[in-house]
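Here is a set of questions and answers on one protein model. Look at the sequence and structure, then read on.

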Amino acid sequence: MCGIVGYVGTQSATEILLSGLEKLEYRGYDSAGLATICDGQIKSVRAKGKLCNLREKLVEVEMPANVGIGHTRWATHGKPEEYNAHPHTDDTGRVAVVQNGIVENYRELRKELQSRGHKFVSETDTEVIPHLIAEFLSNFAENGKPGTGNREIFLEAVRQTVQKLDGAFAIAVVCADYPNEIIVARQQAPISIGLGQGEFFCASDTPALVSHTQVVVSLENGEMARLTPLGVEVYNFDGDRLNKLPRILNWSPTLVEKHIFKHFMLKEIHEQPGVVRGCLEAYINSDWDVKNNQVSPTNLKLSPSLYENLEQVEIFACGTSWHASLIGKYLLEQLAGISTRVNYASEARYAPSPLRKNTLLIGVTQSGETADTLAALGMEQQRRSDKTAEFNARLLGITNRAESSIANLVNQIIDIRAGLEIGVAATKTFVAQVMAFYFLAIDLAWQRQYLSGERIAKIINGLQKIPAQMEQMLEAQDSQIEDFAHHFNDTQDFIFIGRGINYPIALEGALKLKEISYIHAEGYPAGEMKHGPIALLDDKVPVVAIAMPGLVYEKVLSNAQEAKARDAQLIGVTPESTEADVFDNVLAVPAVDELLSPMLTVIPLQLLAYHIAAHRGLDVDQPRNLAKSVTVE
């Protein structure tokens, strides 16, 4: 989850490293640091807290080097203090390392190294890495390294080191004795290399690269590379030289700018109509209509083998992706008649459900790198590998990063095409994931002939109106909700309730408020309030009820009345109507088919969470203790 950058070339490295870290700070911001090589010495500067603290310290330091590495940290091992900040060095200060990930066997390695006289100054797992590299370098210097020239010794020391590490990690390493090289390595954590002219970059995510180059090479698990001003060499962990083809990023540097918005989160909320339009253009087949029902209504183009004799679906996800998957479950069951189970990926890894035949396994991860989701899918693949054909793993990924690790694991992906999302609290990627489930459910309903062509056409027509309805809501509600948010200066608890397809929206609304405002919030099925949670209610606990006309509308209104009878301030996410007078305040949404309503009901809850947090002066884009891409267990 941490951010790694590296640079080797002809320019001054410091500003390039800082600029790259700014683009990656969403991955962690507990501390930051960088190390450069100048005049045969490693110079390292680190600071606790956000990147601005490091930038302030660097004002007093001259660092004119042309090679260096940088890091912004999300703390795993050790408190977010300066002594735990990266880069970490060996005893002599000749080797410096930055890491994203976890070295699971660091305790054993640390004890071994301490027994041989190595001194440690941090609480981190990362610190064992520079000590191991330094030890290999020392052994090579004393005993020689048969069969290789001096140029390869640094690479070999790193190679032998990574073979001793257990866990998921990506590292970048510099050594004062090899001042024109950076060695990077990947095992279960992402890292990419940017190719320039006489200069090369590395980063744990591509936003740090797009300002300098759009030509990148992504390392796979068990691969490492040497970067020098002359080029890039890629090897596997066995030391074999590899040929890697670069790819071209289609991202513009302007995607990582806020433009007129105060925060990335608000920008990304306002980008949602465009994201939904893009999804519709990509995945709805314009050649399909009720009269031409022989072609699929979607352009998902999934392999027929995923659907053959399909009996059930299992979904693995975490956080906001889990909420999107709950909506997916509703759609798959109600539109396609497919029994569906949604699993917390972190739990499924250690308590897998019994194997069932003819099951489609879906991993949902916006980054494509979520460690628990990847591990759960990998485990399912392994469990099914020696079974009969009916148990074969049919793997589908839903992700915003088509080039990510999940694409290498599953048979096929649905690219949600949301574009770069910088805000840690997911907004536009959530609605894009939900759109992917609409397309999947429609495709399955058509394949299985579970819905009539007329019903499918009605759903598609409704979806095509969603972007314009979103735009109308954002234009009408943004300033209204900003004013409304002032009422919650002293609020400490919130309750969100919904039923049916909008229960997951209650969960998502509560999560957004928790993530960025630090207000305790919970989401409940509205009918379950009276079975315990109603004891929490009084005049200090606002209740947000999502009440959309449809199957459960009257039920939700009744549940809302129960809350109002306990003096709770009642906020309705509902169309303007005569029934809306049950609410003290209404965050109005257009009257749409209940089946489509989550695409609209989530927007006022995103805006409410944003404006409450912004009014409190909190860091909306980088909330405490969180990171955008959870690449560790």
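**Salt bridges and an open sheet**

Glu 15, Glu 22 and Arg 55 are linked in a network of salt bridges (a side-chain nitrogen of Lys or Arg within 4 Å of a carboxyl oxygen of Asp or Glu). This is a predicted model: local features need pLDDT of at least 70, side-chain atom pairs count only at pLDDT 80 or more, and totals for chains, interfaces and linings use all residues. Residues are numbered from 1 along each chain as its sequence is written, and side-chain values use heavy atoms, leaving out hydrogens and water.

Q: How many salt bridges does a search of the whole structure find?
A: Side chains of opposite charge can pair when their charged atoms come close. Searching the whole structure for such pairs gives 27 salt bridges.

Q: How many residues apart in sequence are Asp 619 and Lys 50?
A: Asp 619 forms a salt bridge with Lys 50, with the closest N and O atoms 1.9 Å apart. Asp 619 lies in the segment after α17, and Lys 50 in the loop between β3 and α2. The pair therefore ties together parts separated in sequence by 569 residues.

Q: Is Glu 380 buried or exposed?
A: Glu 380 meets Arg 383 in a salt bridge (2.8 Å, N to O). Both lie in helix α11, three residues apart, about one turn of the helix (helices are DSSP runs of H or I, at least four residues; strands are runs of E, at least two; both are numbered from the N terminus). Arg 383 is partly exposed at 23% relative accessible area. Buried means under 20%, exposed over 50%, partly exposed in between (1.4 Å probe, protein chains only), and Glu 380, at 1%, is buried.

Q: Which strands stand at the edges of the open sheet?
A: The open sheet has five strands in the order β17-β16-β18-β19-β20, with parallel pairing (two strands pair if DSSP finds at least two bridges between them). Each edge strand has a single partner, so one side is left without a neighbour in the sheet. These edge strands are β17 (339-344) and β20 (412-415).

Q: What angle does the direction of helix α9 make with that of β17?
A: Helix α9 (residues 319-336) packs on the sheet, touching β16, β17 and β18 (contact means heavy atoms within 4.5 Å). Axes are lines fitted to C-alpha atoms, for helices over the stretch in contact, and angles run from 0 to 180 degrees between N-to-C directions. For α9 and β17 the angle is about 170°.
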